[in-house]
Amino acid sequence: MPTYQINVNGASKTVDVAEDTPVLWVLRDHLDLVGTKYGCGIGQCGACTIHVDGTAMRSCSLTLAQIDGKSITTIEGLSEDGTHPVQEAWKEVDVPQCGYCQAGQIMTASAFLAKNPNPSEEDIENAMNGNICRCATYTRIRKAVQIAAENMDGYQLFT
Amino acid sequence: MSTNNTFNTLNRRAFLRNSSLAGGGLLIGFNLFQACKPKVIAEPAIDLASLDYNDFNAFIKIADNGAVTIFSPNPEVGQGVKTSMPMIIAEELDVAWDNVYVEQGILDTNNYTRQVAGGSQSIRFGWDALRQTGAAAKQMLVSVAAARWGVDPSECTVSEGVITNAAGETLGYGDVVKDAAQLEVPENVPLKKTSEYKIMGKDTPNVDIDKIITGKSLYGMDYKTEGMVYASVLRPPAFGQKLVSYDDSAARAMPGVVDIFTIGEKLRGLAEAVPRITGIISDSDKIVVLANSTWEAMKAKKAIKAEWEEVTKAESTEEHDKILTNLLDGNKFETLRSDGNVKKALAEADQVLERTYESPFLPHSCMEPMNFFANVTEEKVHLVGPIQTPEGTAGFVAQLLGREADDIHLEMTRIGGGFGRRLYGNFAIEAAEIADKAKKPVKLVFSREEDMEDGIYRMSIKYRIKAGVKDGKVTAYHLKEAAVNSNMYGLVPNFFPAGAIENYQVDTAKYDSNITTGAWRAPYTNFLAYAEQSFFDELAELMEVDKIQLRLDLLDNVNPEEDERIQYSPERMKEVIKVAVDKSGWGKKPEDVHQGFVNYYCHNTHVAEVADVEIENGEPVLKKITCVVDCGIVVNPLGAKNLVEGGVLDGVGHSMFGELAFKDGKPTANNFDRYQLLRIKDAPVVETHFIDNGLSPTGLGEPTLPPAGGAVANAFKSATGNRLYKQPFTKTPELLKVPEKEIIG
């Protein structure tokens, strides 16, 4: 099988996998980065959201060729110690119920706020509408994204 | 330090040597729900790596430095018990919550009882036992301190894990824990008054929050061990089909594939021995692909060419629809409750109203697809994963493999959603058969498609309700249920309006399908509440009385003291109604806000909900739900509010969008592209109010869901003039519009 170099959370990693292996499974099964979740496998639920050069993307629908030469950030690399403003807001509001979708929610919100630090309520709903929360923690997600937006000023991404 | 004197002064029945465990750990367990008899467990069932820890019982471990670990016994599916159950222990133990470390307990039938996440019962059933656990441990610790000081325990006070005597001397729990752990566990220890609570009633964050927001390994899907392989299973493509033959030559040649074989023999043996499990286990053999990674296993599975034959007839939603209607029209019912004479009262009525309500199948759609780890060795059967019923499932696995119950070691992971699906451990049983055959550690992973196509669904149900009114009073109420596979359980016919109407009857009929069905969050009531509460609104319109007054008048007729079958309290129901009217601004809203009302009782909890639908650009939009809950004492308001909001929105989402149709024996949707779940844009605001009455806690995981669909339907009726008789409501989009003439007007 071919060998690939990928840049994840600021480190260069070598993986030996079939070329059609979705990035989701490379992260989970080969690099032990299990924070990125499998939910649907077809880009519909958002549980597998990661950042590719700062843009939120569905890792279940990405091939290794598509991330060649790009920087990947997963939930494990969003901050050194869980103190990204979005993570802190998620903690302050106590968003999760089962928690399974929340890494994807946080990755979507953090990429969105990096580009739109002063969002309207409508902006927030548009940005978050691709991420399903089966426990329906949506009222808290809205609140947490708003709180995070207020604390994003000058925040530098960890990687 | 000599402890002999200490022990002589205390009521000591069993002296347990702490050398009995490697490294000096001590574990005393007692079954809280039976007699509190201490017993020594031969081997540590939990990790006693921290050797300075002392264990009081299966729930509490205290270190010499006073740090406290509390084991949460029940599965955590997102309902928050991993936080709230330890809070109850910590309260009575009287320790600072900040010093408490919470760990998930494993399945341990010697020490815990009812390790189940289901029926909204964890807190309700655990309430007395968890408080006794904390209080008993506290009394043991205080006894040792008092004996050391030579004073009576009643002269000692405790705050945040520090014991103080009348002279002002102090001892920490860590100072006395070694001796205290060797005492007999006291029984019937006095408990705190609610006014003395320091931990319960305070907003307490989810104990796993840091791990969740940083992506740590928590779930069954995340679990890995050395040498583990991944299993993906090719299942019959439709219900009623069976494997005939297969060709795996292409799949075997694919990278990463370790082995391909079939399972089914042992599962069928189990189903024969345990008839009640047959409903969740297919007769057919299934083809298992073992590979070095999840992707390789899933991919190779697609390369298998399999032939299937139809054993029982392929079913469809179209047929179910006709069958259920025929059942309602027929006369083959089982009567679950009958008061007075419904037939006669209906014949004598001035006015009669009859309506039929329809619901589809629903998948559970847990975000974490079904999965389980199994490793079967001569020594033991090691199972790890997300399961709502660990004890029952471990028992089935023991029977499946012909092993002793003690051979099964089951660890519960945090669960990425349950909603009833993970009450049925068929995936764990499958994992055990696979691992037994593979002779290596295996993780079985369902794809989303398998999860949705091979589910244990909420069954399709139809309700027909007929009521009679005479002299301005509701004199008859006849509820008929026609359901696929199974009917409402015994308590439901005694919910409201049972006891409120003189002539009252509940009849059920069912059709046996080859599609697997089971419990889905708030079974039966998740649809029944909408049907009945829509009906009450329509009945009030027919009678030309106030909708809420009709409900209050009916409640006035109920006397639970005369009828012990009655499950709900009319007083508590009236209180939630009153508060909901007040908090929702019922009847005081501007003209373009249309409200719908529902009051309901299930899972021992009384709830009232009001939905607000507003007209925006000529379209009715669901904006807000006000939810008033009487679940007694709220252990953790922060978690409880989350659960209330989730339950309400679950009810909103599934009544608006949820539908799994069947054609040719299989669902017409198998992923979230064609099966619609609630998303953030469609989620209304939820405003939550708890009734503060100091009564013992009841259920909260389910009871806020059932009323939501009814509140939404009643609010849409108010906004559009259209009654909604079918779920999901979006299936009839024309009924969700404001009639044209009103827009023009």
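1. Of the 159 residues in chain A, 58% count as buried, meaning that 20 or more other C-beta atoms lie within 10 Å of the residue's own; exposed residues have 12 or fewer, partly exposed ones fall in between, and C-beta atoms are placed from the backbone. This is a predicted model, in which local features need pLDDT of at least 70 and side-chain atom pairs count only at pLDDT 80 or more, while totals for chains, interfaces and linings use all residues. Residues are numbered from 1 along each chain as its sequence is written, and chains are lettered from A and ligands numbered from 1 in the order in which they are written.

2. Chain A has five helices and five strands; helices (H or I, at least four residues) and strands (E, at least two) are DSSP runs, numbered from the N terminus. The order of its elements from the N terminus is β-β-α-β-β-β-α-α-α-α. The radius of gyration of chain A is 15 Å, close to the 15 Å of the globule rule for 159 residues, so chain A is as compact as a globular protein of that length. That radius is taken over C-alpha atoms, and the rule is 2.2 Å times the number of residues to the power 0.38. Along the principal axes, the C-alpha atoms of chain A fill a box of roughly 45 × 35 × 25 Å.

3. The five strands of the open sheet in chain A are ordered E2-E1-E5-E3-E4, with mixed pairing; two strands pair if DSSP finds at least two bridges between them. Strand E2 (11–16) and strand E4 (55–58) of chain A are the edges, each pairing on one side only. Neighbouring strands of the sheet are turned against each other by 40 degrees on average, direction ignored. Axes here are lines fitted to C-alpha atoms, for helices over the stretch in contact, and angles run from 0 to 180 degrees between N-to-C directions.

4. Strand E3 (residues 49–52) of chain A is joined to strand E5 (residues 71–73) of chain A by two bridges, and the two run antiparallel. A:Val52 stands opposite A:Ile72, and A:His51 has A:Thr73 as its bridge partner. Helix H3 (residues 102–115) of chain A packs on the sheet, where it touches E3 and E4 of chain A, and its direction makes about 35 degrees with that of E3(A). Two residues are in contact if their C-beta atoms, placed from the backbone, lie within 7 Å.

5. E3(A) also runs antiparallel to E4(A), to which four bridges join it. A:Ile50 is opposite A:Met57 in E4(A). The hairpin of these two strands has two residues between them, and A:Asp53 takes a positive phi near 50 degrees there.

6. Chain B comes to 19 helices and 29 strands. Its radius of gyration is 28 Å, close to the 27 Å that the globule rule gives for 745 residues, so chain B is as compact as a globular protein of that length. Its C-alpha atoms fill a box of roughly 90 × 75 × 50 Å along the principal axes. Buried residues make up 54% of the 745 residues in chain B. Of the contacts in chain B with a separation of 6 or more, 79% are between residues 24 or more positions apart.

7. The largest nonpolar core has 267 residues; such a core is a set of buried Ala, Val, Leu, Ile, Met, Phe, Trp, Tyr and Cys residues joined through C-beta atoms within 7 Å. B:Leu141, B:Ala231, B:Leu383, B:Ala431 and B:Ala432 touch the most other members. Helix H3 (residues 122–149) of chain B gives the most to this core, with 13 residues. Leaving aside residues up to four places away in sequence, B:Leu141 touches B:Ile163, B:Tyr173, B:Val176, B:Val177 and B:Ala180.

8. Between the chains, 50 residues of chain B are in contact with 47 residues of chain A. Helix H17 (637–657) of chain B is one of the elements supplying at least two residues to this side of chain B, and H17(B) gives the most, with eight residues. Helix H8 (294–302) of chain B also supplies at least two.

9. Eight of the nine residues of H8(B) are buried, so this helix is largely enclosed by the rest of the structure. Among them are B:Trp295 and B:Met298. The buried residues of H8(B) pack against elements including helix H1 (23–30) of chain A and strand E10 (229–234) of chain B.
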